Amino acid sequence: MSALNDTRSQLLASYSRLDARERRMVAVIAIALAFLVLWLALVRPAWNTLDAAPALRAQADAQLLQMQAKQLRALPPVAAPVAEQVLKSATDELGGKAKLAMQGDRATLSVTGINGEDLRKWLIQARGGARARPVEANLVRAGDGYNGTLVVAIGSQQ
């Protein structure tokens, strides 16, 4: 501890012998060094984290999609009549904006002016409840919604 006090007293003595102009230069250098240390120790790591965040989020989103797809594949298949009933029920929730047509192991949803959120909910119900998977989509942006068709496959060959 005394060595530290000795060094400190020597530095203060040297500083007191400096001219006013030299003291200002020492103060400016000390402030610049303090800013540099602050930047390197606190600001730069946070800045790097912010720069890396979008890529990390995209990676996490991709992993989440893979896990959800794996969970859906692991679910047992649903019988065609049950899947058809689930799709019809989901379509009824859309009101007059959608019409469902069944053709064998395929179902075609025709939509007019449906918003993206309603379409997303329908797809979640179709995928989760009926184990249907989208095979074709012809959707066109029209005003505040979408017009077009969405074809899903139902059955056990997923």
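**Salt bridges and sheet: a working chat**

Reader: How many salt bridges does a search of the whole structure find?
Author: The search of the whole structure finds three salt bridges, a salt bridge being a side-chain nitrogen of Lys or Arg within 4 Å of a carboxyl oxygen of Asp or Glu. This is a predicted model, in which local features need pLDDT of at least 70 and side-chain atom pairs count only at pLDDT 80 or more, while totals for chains, interfaces and linings use all residues. Residues are numbered from 1 along each chain as its sequence is written, and side-chain values use heavy atoms, with hydrogens and water left out.

Reader: Which residue forms a salt bridge with arginine 120?
Author: Arginine 120 pairs with glutamate 117, and their closest N and O atoms are 2.7 Å apart. The two residues are three apart in helix H4 (residues 116-129), so about one helical turn separates them; helices here are DSSP runs of H or I with at least four residues, strands are runs of E with at least two, and both are numbered from the N terminus.

Reader: And what does arginine 57 meet in a salt bridge?
Author: The side chain of arginine 57 meets that of aspartate 61, at 3.9 Å from N to O. Both lie in helix H2 (residues 20-74), four residues apart, which means a separation of about one helical turn.

Reader: Is arginine 57 buried or exposed?
Author: Arginine 57 is exposed, with a relative accessible area of 60%, whereas aspartate 61 is partly exposed at 39%. Buried means under 20% relative accessible area, exposed over 50%, and partly exposed in between, using a 1.4 Å probe and protein chains only.

Reader: Changing topic, what is the strand order in the sheet?
Author: Four strands form an open sheet in the order E1-E2-E4-E3, with antiparallel pairing; two strands pair if DSSP finds at least two bridges between them. Strand E1 (98-103) and strand E3 (133-142) stand at the edges with a single partner strand each, so one side of each has no neighbour in the sheet. From one strand to the next, the twist averages 10°.

Reader: How many bridges join E2 to E4?
Author: Seven bridges join strand E2 (residues 106-114) to strand E4 (residues 145-153), and glycine 148 in E4 is the bridge partner of valine 111.

Reader: Which strands does helix H3 lie across?
Author: Helix H3 (residues 80-92) lies across E1, E2 and E4, and runs at about 165° to E1. Axes are lines fitted to C-alpha atoms, for helices over the stretch in contact (heavy atoms within 4.5 Å), and angles run from 0 to 180 degrees between N-to-C directions. Helix H3 also holds lysine 88 and glutamate 84, four residues apart, whose side chains meet in a salt bridge of 3.1 Å, N to O.
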